[in-house]
Amino acid sequence: GTAPLLGAADIRRLAAELDVRPTKTLGQNFVIDGNTIRRIVAAAHIDPQETVLEVGPGLGSLTLGLLDAAKHVVAVEIDPKLAAKLPDTAARLRPDAASRLDVVLADAMRVTELPQQPSALVANLPYNVAVPVVLHLLEHFPSLEHGLVMVQDEVADRLAAKPGSKIYGVPSVKAAWYSQMRKAGVIGMNVFWPAPKIASGLVQFTRHEPPETRATRKEVFAVIDAAFAQRRKTLRAALAGWAGSPAAAEDALRAANVDPSARGEVLDIHAFARIAEFKQPLMA
Ligand code: SAM
């Protein structure tokens with residue numbers, strides 16, 4: 001769209017008006033560059049009929065861009081001052097769109113109900129909680145079919161990492177339970193106020209069916225946590241606690257057709273889902 005977006009002067013003025021001092025704990029780095037917002041919105045491939053979930057709308061930089069692209073926006077913000085101001089900002093800058101915005105004051109890591117079922121997640125996430133927020137939302141809102149999130153660049157690489165890569169780990173495997181994740185770009189530090197110390201990355205995802213397995217999602221995630229808690233160990237050793245003994249771990253791994261002397265970083269989500277099926281109940 002050609003409607004105005006928030007620039008550096010607008011963000012500073014809004015922050016001063018609200019007496020907001022951006023905090024690190026809440027990951028408050030606001031985007032002050034309209035081109036970056038357009039780039040994020042374009043990369044999110046939003047259909048005009050969609051309801052988009054935004055986490056952490058802050059002063060509204062991305063929210064305005066999303067209102068131009070989507071039918072409806074549900075914005076979940078934890079900071080009461082920011083949540084209270086957002087409807088005003090939307091009404092002032094997008095008078096025609098204000099009725100298409102719901103602002104929810106909540107912690108995105110805990111929210112389980114929303115006023116509308118969103119089909120897309122688009123967010124400039126608070127960096128210290130980015131991975132748990134994404135996993136929580138994918139778990140609790142099955143209507144989320146796709147999305148684009150901005151996170152620390154290194155976290156973007158981790159989320160999108162494939163088995164065998166050095167940075168492949170718990171976030172990569174758990175994210176792969178729900179969706180296909182791919183890196184969609186890098187964003188520099190100077191488009192934010194205050195500027196973070198590290199670059200940001202964009203990750204685009206599309207939901208897929210979870211692996212077919214007799215194990216539950218929680219059981220599969222327990223194997224993943226155990227396998228990566230001791231990254232350097234072989235699976236036989238790393239899963240000994242999980243299985244009850246090294247021998248029981250070896251049995252489960254062989255039954256799942258996984259080499260017990262391999263390490264967790266080479267296994268894809270399907271292999272973890274198979275291993276979880278072969279955990280034997282511990283004898284009383
Ligand atoms: N979307 C805005 C932008 O791009 O300018 C702000 C992004 S800023 C990186 C992160 C935002 O998430 C802040 O507004 C912060 O208050 C909010 N936030 C932090 N933790 C949160 C949580 N657990 N749930 C919801 N919002 C959170």
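## Ligand shell, annotated sites and core

The unreviewed UniProt entry lists a "binding site" annotation that covers Asn-29, Val-31, Gly-56, Glu-77, Asp-107 and Asn-124. The structure shown here is a predicted model. Its scores are ipTM 0.99 and pTM 0.96. The protein chain averages a pLDDT of 96, and 98% of the residues score at least 70.

**Around the ligand**

The ligand has 23 residues around it. Gly-56, Gly-58, Ala-108, Asn-124 and Pro-126 come nearest. By type, the shell divides into 13 nonpolar, seven polar and three charged residues. Strand E1 (30-31), helix H3 (61-69) and strand E3 (72-77) each supply at least two residues of this shell.

Asn-29 and Glu-77 both belong to the UniProt "binding site" annotation. Asn-29 is found in the loop between helix H1 (8-18) and E1. Leaving aside neighbours within four places in sequence, Asn-29 is in contact with Pro-22, Phe-192, Pro-194 and Pro-196.

Glu-77 lies in strand E3. Not counting residues up to four places away in sequence, Glu-77 touches Gly-56, Pro-57, Leu-82, Ala-83, Leu-86, Val-103 and Leu-105. Gly-56 is itself one of the residues in the "binding site" annotation.

Gly-201 lies in strand E9. Leaving aside neighbours within four places in sequence, Gly-201 is in contact with Val-151, Gln-152, Asp-153, Ala-156, Asp-157, Lys-183 and Val-186. Glu-154 is 47 residues from Gly-201 along the chain, and their C-alpha atoms are separated by 7.4 Å.

| Residue | Class | Other C-beta atoms within 10 Å |
|---|---|---|
| Asn-29 | buried | 21 C-beta atoms |
| Glu-77 | buried | 25 C-beta atoms |
| Gly-201 | buried | 22 C-beta atoms |

Glu-77 counts as buried because 25 other C-beta atoms lie within 10 Å, and the cut-off is 20 or more.

**The annotated domain**

For "domain: Ribosomal RNA adenine methylase transferase N-terminal", the unreviewed UniProt entry lists residues 36-209. Over residues 36-209 the chain is 34% helix and 27% strand. The end C-alpha atoms of that stretch are 32 Å apart.

**The nonpolar core**

The largest nonpolar core has 89 residues. Val-203, Phe-272 and Ile-275 have the most contacts inside it. Helix H12 (residues 269-277) gives the most to this core, with six residues.

Val-203 is in contact with Val-149, Val-151, Ala-156, Leu-159, Ala-160, Met-181, Lys-183 and Ala-184, leaving aside neighbours within four places in sequence.

**Helices H12 and H7**

H12 is mostly covered, with seven of its nine residues buried. The buried ones are Ile-269, Ala-271, Phe-272, Ala-273, Arg-274, Ile-275 and Ala-276. What do the buried residues of H12 pack against? They pack against helix H7 (170-178), helix H8 (217-229) and helix H11 (246-255).

H7 is mostly covered too: eight of its nine residues are buried. These are Pro-171, Ser-172, Val-173, Lys-174, Ala-175, Ala-176, Trp-177 and Tyr-178. The cover over the buried residues of H7 includes helix H5 (130-140), helix H6 (153-160), H8 and H12. It also includes strand E7 (179-187) and strand E9 (200-207). Strand E9 is the element that holds Gly-201.

Methods: Residues numbered from 1 in each chain as written. Predicted model: local features only at pLDDT ≥ 70, side-chain atom pairs only at ≥ 80, totals over all residues. Near = placed C-beta within 6 Å. Helix = DSSP H or I, 4+ residues; strand = E, 2+ residues; numbered from the N terminus. Nonpolar A, V, L, I, M, F, W, Y, C, P; charged D, E, K, R; others polar. pLDDT = per-residue confidence, 0-100. Core = buried A, V, L, I, M, F, W, Y, C linked by C-beta atoms within 7 Å. Buried ≥ 20, exposed ≤ 12 C-beta atoms within 10 Å, placed from the backbone. Contact = placed C-beta atoms within 7 Å. UniProt positions renumbered as here; feature names shortened; annotations may be inferred.
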